[in-house]
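This report describes a structure for a reader who has not seen it before. The sequence and the structure come first, and the description follows.

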Amino acid sequence: MSTFKKCCAGLRGLASPLLLVAAWEAASRQDASHAYAFASLASIGAGLRELSGSGELWLSALASLQRTCLGLLYGASLGTLLGAGMALSPLAARLVGPLFHSLRQVPILGLIPLLALWFGSGEGTKVLIVALAAFYPMALNAVEGFSQVDPRYREVGRLFGLGPWQHCWHVLLPSALPSLFNGLLHALAFAWVSSVGCELFLSTGVGLGNMMMNAEAGARMDIIVIGVLCIGLLGYAMNLLFSRLSQRLLRWRPLRR
Amino acid sequence: MTAIAPPIPPLALDTPGALSIRGLNKHYPIDGRRLPVLQHIDLQVQPGEFIAIVGASGCGKSTLLRLIAGLETDYEGQMQLDGKPIRGPSLDRGMVFQDHRLFPWKTVFDNIALALKHSRLDKAHVAARVNEHIALVGLQGFEHAYPHQLSGGMAQRAAIARALITQPKLLLLDEPFGALDALTRVRMQQELQRLWIQQRSTMIMVTHDVEEALYLGDRVIVLEPRPGRIRHVIEVGLAHPRERNAARLQSLRQEILGQLLSQAGH
Ligand SMILES: Nc1ncnc2c1ncn2[C@@H]1O[C@H](COP(=O)(O)OP(=O)(O)O)[C@@H](O)[C@H]1O
Ligand SMILES: [Mg+2]
């Protein structure tokens with residue numbers, strides 16, 4: 001009974017995508033112009049076989065993913081450090097706060113032409129863009145997490161004579177962890193979007209965005225659809241992975257009902 | 001002085017844990033003015049003695065314990081533990097708060113082990129000590145539970161184990177059982193008494209429960225509010241463990257309640 005219910009619940013999640021696919025296929029069968037705008041399922045399937053056979057799909061996805069991970073690593077680490085610094089040291093908050101808060105108002109996309117001018121349009125610049133995209137949400141959440149450390153727990157640390165590093169590791173970091181994971185999930189989403197997005201602006205190189213740009217030039221609607229699906233699915237998978245990780249590391253929190 | 005009767009092994013004269021407080025004053029700045037919270041506190045605590053402090057809420061009981069613990073360092077007067085002035089927190093003074101203050105992100109085991117972070121003990125010795133103290137407070141089987149999985153009484157036991165594991169000369173308890181139900185509280189009082197007899201460290205406990213103060217304390221100190229002053233010191237003078245409804249405890253209870261109520265009157 002309960003497994004049956006679970007199956008039903010699982011199938012419910014599939015209902016809306018399946019409806020969408022059906023509507024899509026119906027649209028593609030209406031007339032010639034529709035058939036172009038909505039590539040038929042058959043042509044998408046053929047395109048998928050072609051792309052995976054040539055390896056282009058894997059190479060593109062890998063390039064975009066790799067850039068996301070690298071940028072996320074840099075951006076999230078620096079964001080955490082800066083956020084912790086601003087939260088824990090009033091001096092740091094005064095020194096870098098105003099600069100930080102005005103720069104974060106500028107959309108990353110608006111910075112791309114400038115960054116391309118300074119650093120060229122190679123992979124390094126793209127990683128920098130991804131890192132910037134991950135940096136801001138991470139830093140903001142780190143500030144929040146580290147400034148909300150309960151003074152009662154700090155006192156316990158003082159009672160047991162913890163040194164500065166022990167204090168960071170045993171008291172501050174775990175206190176901030178829920179906010180840090182919140183920031184990380186946001187940073188991941190921004191990193192992934194900007195990893196693919198910056199390929200549309202800096203068109204040399206490899207990646208899912210480039211694959212779609214080339215498909216557009218060659219009027220291959222099927223490949224564009226495959227690109228969109230890939231980006232969506234990979235983003236979803238990474239989000240799921242990070243959510244699981246956060247649940248595991250935050251298992252000490254009481255379950256909220 | 002205090003009647004220390006048979007069950008407690010006699011203490012050597014130089015047993016550490018003697019607290020001396022002379023002319024202690026404490027102010028808090030409020031709206032730019034200095035509000036007196038404690039005034040002219042004089043208190044000499046013998047090694048191994050159990051002191052209970054009662055008083056109306058807001059009369060400075062927690063402040064007094066926090067001063068002794070070294071969490072508040074801004075005061076006038078003298079405070080010495082075994083002749084050494086108190087200038088900040090130290091491992092020779094342990095503290096148990098009303099809210100157990102276990103770190104929610106650590107298991108019972110890791111919470112207790114944290115108190116040994118300063119020590120140069122290796123992992124195996126830490127584990128042995130921690131397990132010994134977990135057994136001491138009867139929490140076997142809950143080593144790997146997180147605080148939110150414990151009942152109030154169990155969390156408080158873990159907090160007591162954490163405070164005892166550094167073998168402090170002086171253990172400070174700020175209404176440790178205040179949030180517990182009546183039955184659990186009685187059981188915890190017995191446990192604490194057993195630990196005290198076993199450990200022989202000096203203990204100072206703040207409580208709002210006069211019966212608890214009389215059941216556990218060698219001396220009961222009654223504080224008077226605004227500003228906090230010592231109004232009365234009562235020598236209980238009965239051996240431990242005590243009969244809860246001993247006639248002397250009953251009459252002392254009436255006396256203390258009368259004092260507390262007369263304060264509230266004016
Ligand atoms: N950090 C603080 N700043 C200002 N006033 C405080 C502070 N802590 C306590 N007080 C005041 O000192 C008085 C005594 O507080 P406390 O020691 O907590 O009382 P008790 O534990 O006896 O209830 C109270 O009036 C309280 O408002
Ligand atoms: Mg209090």
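## A residue in strand β2 of chain B

B:Leu43 is found in strand β2 of chain B, which covers residues 33–45. The model is a predicted one. Is B:Leu43 buried or exposed? The relative accessible area of B:Leu43 is 4%, and the cut-off for a buried residue is under 20%, so B:Leu43 counts as buried.

Apart from neighbours within four places in sequence, B:Leu43 is in contact with B:Leu19, B:Ser20, B:Ile21 and B:Ile221. B:Ala128 is 85 residues from B:Leu43 in sequence, and the C-alpha atoms of the two are 37 Å apart in space.

## Chain B as a whole

Chain B contains seven helices and ten strands. What radius of gyration does chain B have? The value is 18 Å, and a compact globule with 266 residues would have one near 18 Å, so chain B agrees with a compact globule. Along the principal axes, the C-alpha atoms of chain B fill a box of roughly 55 × 50 × 40 Å.

Buried residues account for 54% of the 266 residues of chain B. Of the contacts in chain B with a separation of 6 or more, 69% are between residues 24 or more positions apart. Chain B exposes about 11,700 Å², and 52% of this area is supplied by carbon and sulfur atoms. The chain carries 30 positive and 26 negative side chains, with 3 Å between the centres of the two sets.

## Two domains in chain B

Into which domains is chain B divided? Domain 1 takes in residues 1–92 + 168–266, and domain 2 takes in 102–166. Taken over C-alpha atoms, the centres of domain 1 of chain B and domain 2 of chain B are 25 Å apart. Between them, 14 residues of domain 1 of chain B are in contact with twelve residues of domain 2 of chain B.

## Chain A as a whole

Chain A has eleven helices and zero strands. In order from the N terminus, its elements read α-α-α-α-α-α-α-α-α-α-α. The radius of gyration of chain A is 23 Å, but a compact globule of 257 residues would have one near 18 Å. The box filled by the C-alpha atoms of chain A is roughly 75 × 60 × 30 Å along the principal axes.

In chain A, 39% of the 257 residues are buried. Among the contacts of chain A between residues at least 6 apart in sequence, 71% join residues at least 24 apart.

## Helix α8 of chain A

Helix α8 of chain A spans residues 151–159, and its buried residues are A:Tyr153, A:Glu155, A:Val156, A:Gly157 and A:Leu159. What covers the buried residues of α8(A)? The cover includes α9 (164–201) of chain A, and from chain B it includes α1 (61–69), β6 (93–96) and α4 (152–164). Just after α8(A), A:Gly161 has a positive phi of about 60 degrees.

## Backbone details in loops

Most residues other than glycine have a negative phi, and most peptide bonds are trans. A:Ala219 has a positive phi near 55 degrees and is not a glycine. This residue sits in the loop between α10 (208–217) and α11 (221–249) of chain A. A:Ala219 is partly exposed, at a relative accessible area of 42%. B:Arg101 also is not a glycine, and its phi is positive at about 55 degrees. The place of B:Arg101 is the loop between β6 and α2 (108–114) of chain B. B:Arg101 counts as buried, with 10% relative accessibility.

Which residues does a cis peptide bond with omega of about -15 degrees join? They are B:Arg226 and B:Pro227. B:Pro227 belongs to the loop between β9 (219–224) and β10 (229–235) of chain B. The peptide bond from B:His240 to B:Pro241 is cis as well, with omega near -10 degrees. B:Pro241 is in the loop between β10 and α7 (247–265) of chain B.

Notes. Residues numbered from 1 in each chain as written. Chains lettered and ligands numbered in written order. Predicted model: local features only at pLDDT ≥ 70, side-chain atom pairs only at ≥ 80, totals over all residues. Heavy atoms only, no water. Helix = DSSP H or I, 4+ residues; strand = E, 2+ residues; numbered from the N terminus. Rg over C-alpha atoms; globule rule 2.2 N^0.38 Å. Buried < 20%, exposed > 50% of the residue type's maximum accessible area, 1.4 Å probe, protein only. Contact = heavy atoms within 4.5 Å. Areas by Shrake-Rupley, 256 points an atom, 1.4 Å probe, with all protein chains shown as cover. Lys, Arg positive; Asp, Glu negative; His and termini not counted. Charge placed at Lys NZ, Arg CZ, Asp CG, Glu CD. Domains from an automatic or database assignment.
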